[in-house]
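Here is a short note to read alongside the structure. Keep the 3D view open and check each point as you go.

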Amino acid sequence: MKNLVLYCRAGYEKDCAAEIQDRAAQLNVGGFVKTNVNDAFVVFQCFEDDGADTLMLNLPLNSLVFARQMFAAAELLSNLPEQDRVSPIAEALSELTQCGDLRVETPDTNEAKELSAFCRKFTVPLRLQLKKQQILLNKENPKRPIIHVCFIAPGKAYVGYSLSHNSSPHFMGIPRLKMAADAPSRSTLKLDEAFGAFLTKEQQEKRCRSGLNAVDLGACPGGWTYQLVRRGMMVAAIDNGPMNEKLMETGQVKHYRADGFRFEPPRKNIYWLVCDMVEKPSRVAELMEAWAINGWFKEAIFNLKLPMKSRYKEVKVILSTMSDILAENNIDFEMQCKHLYHDRDEVTVHLWLFPEKGVNYA
Ligand SMILES: C[S@@+](CC[C@H](N)C(=O)[O-])C[C@H]1O[C@@H](n2cnc3c(N)ncnc32)[C@H](O)[C@@H]1O
């Protein structure tokens, strides 16, 4: 297929476009981007007929910052007839066989979401027809490709597939997280989402568990600390502001009224470092580098506030500077960065130091 459709947050199309253009070029896949402001999706149209298939195979979704989901798509289907939208969609998908799942989606905009009820209903007859033509398996299969039908307007849809091992498991690429009634702030969802985005369930069981020590820089009122406490960790919460009282009553939190840029952990037994201080991104990055060089943590999750313009370029520069500095200091690491659903004008970074050595800091 020729088109790669990428979902992103509305208003971030330029960043998503700059990123896919850059990454496709690195893989020698030529093409150009089609996008409109606030559409919440970007289409990278490849020059080669199988360009999008090549990208699906070689470009990991989790290495892209601004894309929530991506799929290879045929040409845009327009003017789908009201009386039979199923047949042209099934026809456009006819080169696929034995897919494992079907998602009838929309981009994440208020206008497009008005089509959600239609999409839900339409899934039923479309699924029946796709099964009849053996494009879709009779039983869902999480290891087979996923069919995506994305209605961008009534009667207008991109249709195609993603590969199950290189695709978001979530409908529209958006995890549905419940805000706990006793969580101190809504930003609690950011860290909850980050753990789910950067670590598999099995990795979370091993590496986000009771007995580990954590530091939360810029912790008040305690939404991120809440997530660490919920996972059984002991937390040093650094902030001059007040912490949520119920969280303090758990006995798992020690509150330090201190400057997060000067704080030094008294004992060097920290596994997780998390940081949500609203500060210049380069300053936060330097702080994370300093902690890494000092060997004061094993894994970190931190936010980088985004500038108004050239957001992709800025993030790329910060991450590559950080990578260079860690490498110069002989620090082996894995790093991922994502514009999460619960992030607004910021991205979230996960940094795992010496991943292969599996040092146990418990
Ligand atoms: C976005 S809020 C953090 C919200 C928190 N993660 C939560 O989920 O409740 C940013 C916090 O960083 C704190 N902060 C900003 N600069 C700081 C600094 N230099 N040292 C310590 N805390 C700082 C602010 O006081 C504020 O409470």
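Predicted model: local features only at pLDDT ≥ 70, side-chain atom pairs only at ≥ 80, totals over all residues.

1. The largest pocket. Start here. About 1,300 Å³ of space lies in this pocket. Its lining counts 48 residues. Nearest the centre are P169, H170, G196, A197 and L199. Find those five and you have found the middle of the pocket.

2. Domain 1 (3-173) and domain 2 (188-357) each supply at least three lining residues.

3. Sort the lining of the largest pocket by class. You get 16 nonpolar, 17 polar and 15 charged residues.

4. The second largest pocket. How much space lies in this one? The value is about 480 Å³. It has 21 lining residues, and R9, R186, Y341, H342 and R344 are the closest to its centre. Helices α4 (110-113) and α6 each give two or more residues to the lining. Here, too, domain 1 (3-173) and domain 2 (188-357) each contribute at least three residues.

5. The lining of the second largest pocket has 11 charged residues. The rest of the lining is 6 nonpolar and 4 polar residues.

6. Helix α11. This helix covers residues 311-328, 18 residues in total. From first C-alpha to last it reaches 26 Å. That is close to the 26 Å expected at 1.5 Å a residue.

7. Which residues of α11 are buried? They are R311, Y312, V315, I318, L319, M322 and L326. Look down the axis of α11: these buried residues fall within an arc of 135 degrees, so they line one face of the helix. An α-helix has 3.6 residues a turn, so residues three or four places apart point the same way. The face of α11 turned away from the buried side carries the exposed residues K313 and E328.

8. F198. This residue lies in helix α6. Is F198 buried or exposed? F198 is buried, because its relative accessible area is 6%, and buried means under 20%. Now look for Q336. F198 and Q336 are 138 residues apart along the chain. Their C-alpha atoms are separated by 7.3 Å.

Technical notes: Residues numbered from 1 in each chain as written. Heavy atoms only, no water. 1 Å grid on protein atoms, 1.4 Å probe; cavity = no way out; pocket = protein on both sides within 12 Å on 5 of 7 lines; lining within 4 Å. Points joined across faces, edges and corners; volume = space filled by probe spheres on them. Nonpolar A, V, L, I, M, F, W, Y, C, P; charged D, E, K, R; others polar. Domains from an automatic or database assignment. Helix = DSSP H or I, 4+ residues; strand = E, 2+ residues; numbered from the N terminus. Expected span 1.5 Å × (residues − 1). Buried < 20%, exposed > 50% of the residue type's maximum accessible area, 1.4 Å probe, protein only. Arc of directions from axis to C-beta.
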